[in-house]
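Here are some notes to read with the model open beside you. Please take the points in order, and look up each residue in the structure as it is named.

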Amino acid sequence: MIGWRGAVRGAVTGPAVTYGVIAVCCAVFVISPVSGLNPVYGTGDALLAAQSGYFERWGVIPAELISSSPDALLTPLTALFVHGSWLHLLGNMLFLYVFGAMAEERVGQLEFALFYVGCGYLALLAYAVANAESDQTLVGASGAISGVLGAFLYLFPKARVTSLFPFLFFLPLRFPAWIVLIFWFVLQWLAAQGAGSGPGVAYLAHLVGFGVGFLYAWGRFRRGTRVKAQAAAIEGERQP
């Protein structure tokens, strides 16, 4: 997933779910064998074996999920809180921090929590269906966070976003959120065309999560008043 560093500036207070998810994901990662900080898992081959077992236990394995194993049906929920590296974790949490608070404020805490989990589950399930024979483990909150991006696009299309693009020599340029997020979506789509079922980034899960999030916001708020006030975000680029 391509992301941007930053923080939302606005009258958003008390995004308990957003901050709670960030805290849980960070805590889970730190105590896991993936962080390399927990001496319980040892070093060298022992650590690698612990990491492999960790992903297999808590991550989504498409072939097993499609077989409808009772235990496998729960893995999309646990996989949302598991990350494969420090960069993976920090990129996803940065995205959630930037876009999650405003979306949660608009949706409401309980509904946002259900929305977040639902987007993540559907995104991972869709990836598993499309790669039903794959035994590669899939982990991460990217599908759920992509759903947050989709909802943000509908709810706050005019929010001002300052982005740093490498092909523009990292010049800070301000754009409406709809330009930045559609650009992100197009990048995911193009990347998905060349992605296989092997190890790598699950671009399809990103696309599905984004679509589900956008459709949810459209269905939920299309008859109400959309937020017109412009919010600002400062963002940089990263690849979680």
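1. Among contacts in the chain between residues at least 6 apart in sequence, 79% join residues at least 24 apart, where contact means heavy atoms within 4.5 Å. Buried residues account for 45% of the 240 residues in the chain; buried means under 20% relative accessible area, exposed means over 50%, and partly exposed lies in between, with a 1.4 Å probe and protein chains only. The secondary structure comes to nine helices and six strands, which are DSSP runs numbered from the N terminus (helices are H or I with at least four residues, strands are E with at least two).

2. Before going further, please keep in mind that this is a predicted model, in which local features need pLDDT of at least 70 and side-chain atom pairs count only at pLDDT 80 or more, while totals for chains, interfaces and linings use all residues. Residues are numbered from 1 along each chain as its sequence is written, and side-chain values use heavy atoms, with hydrogens and water left out.

3. Helix H5 (residues 86-107) has 22 residues and reaches 30 Å from its first C-alpha to its last, close to the 32 Å expected at 1.5 Å a residue; the expected span is 1.5 Å times one less than the number of residues. Where is H5 kinked? The kink, of about 45°, is centred on Gly100, the bend at a residue being the angle between axes fitted to the seven residues ending there and the seven starting there. Just after H5, Gly108 takes a positive phi of about 105°.

4. Rings of Phe, Tyr and Trp (its six-membered ring) pair if their centres lie within 6.5 Å, and planes under 30 degrees apart count as stacked, over 60 as edge-to-face and the rest as tilted. By this rule the count comes to 10 aromatic pairs. The rings of Phe95 and Phe99 have centres 5.8 Å apart and planes at 25°, so this pair is stacked. Both residues lie in helix H5, four residues apart, about one turn of the helix. An α-helix has 3.6 residues a turn, so residues three or four places apart point the same way. Phe95 is buried at a relative accessible area of 1%, and Phe99 is buried at 2%. Together with Phe152 and Phe156, Phe95 and Phe99 form one aromatic cluster.

5. Helix H6 (residues 109-130) has 22 residues and reaches 32 Å from its first C-alpha to its last, close to the 32 Å expected. The buried residues of H6 include Phe112, Tyr116, Gly120 and Leu124, and what covers the buried residues of H6 includes H1, H5, helix H7 (142-155) and H9.

6. Trp218 is found in helix H9 (residues 203-221). Is Trp218 buried or partly exposed? At 42% relative accessibility, Trp218 counts as partly exposed. The charged end of Arg222 sits over the ring of Trp218, 4.7 Å from its centre (the rule asks for NZ of Lys or CZ of Arg within 6 Å of the ring centre and within 35 degrees of the ring normal). The C-alpha atoms of Trp218 and Tyr154 are separated by 6.6 Å, although these residues are 64 residues apart along the chain.

7. Ser35 is found in the loop between helix H1 (16-31) and helix H2 (44-58), and is buried, with a relative accessible area of 8%. Not counting residues up to four places away in sequence, Ser35 touches Phe29, Val30 and Trp86.
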